[in-house]
Amino acid sequence: MSRFEGRPNAALLVIDVQKGVVGEAYERDRVVGNIRQLVDKARADGVDVVWVQHSGGELTQGSEGWEYVPELVRREPEPLVHKTYPDSFEDTELEAVLAERGIGRLFVSGAQTDECIRSTLHGALVRGYDATLVADAHTTEDLTEYGAPPPDKVIAHTNLYWQYHRAPGRTAGTVSTADIDFTTKPDA
């Protein structure tokens, strides 16, 4: 269990599923569909959905590319956390949002796998959270022209190493959209 006493709740993080981030992403429609299923299930299970939205570079706040994709609609009072760094915790209100809701377990989805997803997973674990990656609910764009592996390999590698990742007193791991159970407590 997470290192936070009195924080037994879970949350689904939906990170940067913005038009300008996932417009050319690998298997965009499938991944966005899975995230939508996760959001619906979390809501049905009474689990908080926390939305994270990146600003910077070409993602100017208020621009069309900055907006979330139309398939995913945040409801009031679901929190929206604005960020400017890859780690969703860095210089944001995310920790305060989670603490206020008694959240110590995170299920992570969104984009981009090789930047904001990885950074947030590691940021969560080192801060004391249990952090589970939803293996079929994150994506990235093709960055092979810059020397990166193809997107399917980036995603597969991230799923592989996070599946076995651990830290003292905390859990990590992966789960598929179909197998997610927001109510099961992890084994430390």
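This is a predicted model: local features need pLDDT of at least 70, side-chain atom pairs count only at pLDDT 80 or more; totals for chains, interfaces and linings use all residues.
Student: Which residue meets the side chain of Asp16 in a salt bridge?

Tutor: To read a salt bridge, look for a side-chain nitrogen of Lys or Arg within 4 Å of a carboxyl oxygen of Asp or Glu. The partner of Asp16 is Lys83, at 2.8 Å from N to O. Lys83 belongs to strand S3 while Asp16 is in the loop between S1 and H1, so the pair ties together parts that are 67 residues apart in sequence. Both Asp16 and Lys83 are buried.

Student: How many salt bridges does a search of the whole structure find, and where does the pair of Arg43 and Glu78 lie?

Tutor: The search of the whole structure gives 13 salt bridges. In one of them the side chains of Arg43 and Glu78 meet at 2.7 Å, N to O, and this pair links distant parts of the chain, with Arg43 in helix H2 (residues 28-44) and Glu78 in the loop between S2 and S3, 35 residues apart. Arg43 counts as partly exposed at 22% relative accessibility, while Glu78 counts as buried at 12%.

Student: Which peptide bonds are cis, such as the one from Glu76 to Pro77?

Tutor: As a general rule, most peptide bonds are trans. Here the bond from Glu76 to Pro77 is cis, with omega near 5°, and Pro77 is placed in the loop between strand S2 (48-54) and strand S3 (80-83). The bond from Ala111 to Gln112 is also cis, with omega near -15°; Gln112 is found in the loop between strand S4 (103-111) and H4.

Student: At what angle do helix H4 and helix H5 pack?

Tutor: Helix H4 (residues 113-127) and helix H5 (residues 151-163) pack at about 10°, with their axes 11 Å apart, and the two are therefore roughly parallel to each other. Where they meet, H4 contributes residues including Thr113, Arg118 and Leu125, and H5 contributes residues including Val154, Thr158 and Trp162. By class, this contact of H4 with H5 has six nonpolar, four polar and two charged residues.

Student: What can be said about the burial of Thr113 in that helix?

Tutor: Thr113 lies in helix H4 and is buried, because its relative accessible area is 0%. Leaving aside residues up to four places away in sequence, Thr113 touches several residues, among them His138, Thr140 and Ile155. Other buried residues of H4 include Cys116, Ile117 and Ala124.

Terms used
Residues are numbered from 1 along each chain as its sequence is written. Side-chain values use heavy atoms; hydrogens and water are left out. Axes are lines fitted to C-alpha atoms, for helices over the stretch in contact, and angles run from 0 to 180 degrees between N-to-C directions. Helices (H or I, at least four residues) and strands (E, at least two) are DSSP runs, numbered from the N terminus. Angles under 35 degrees count as roughly parallel, over 145 as roughly antiparallel, 65 to 115 as roughly perpendicular and the rest as oblique. Contact means heavy atoms within 4.5 Å. Ala, Val, Leu, Ile, Met, Phe, Trp, Tyr, Cys and Pro count as nonpolar, Asp, Glu, Lys and Arg as charged, and the others, Gly among them, as polar. Buried means under 20% relative accessible area, exposed over 50%, partly exposed in between (1.4 Å probe, protein chains only).
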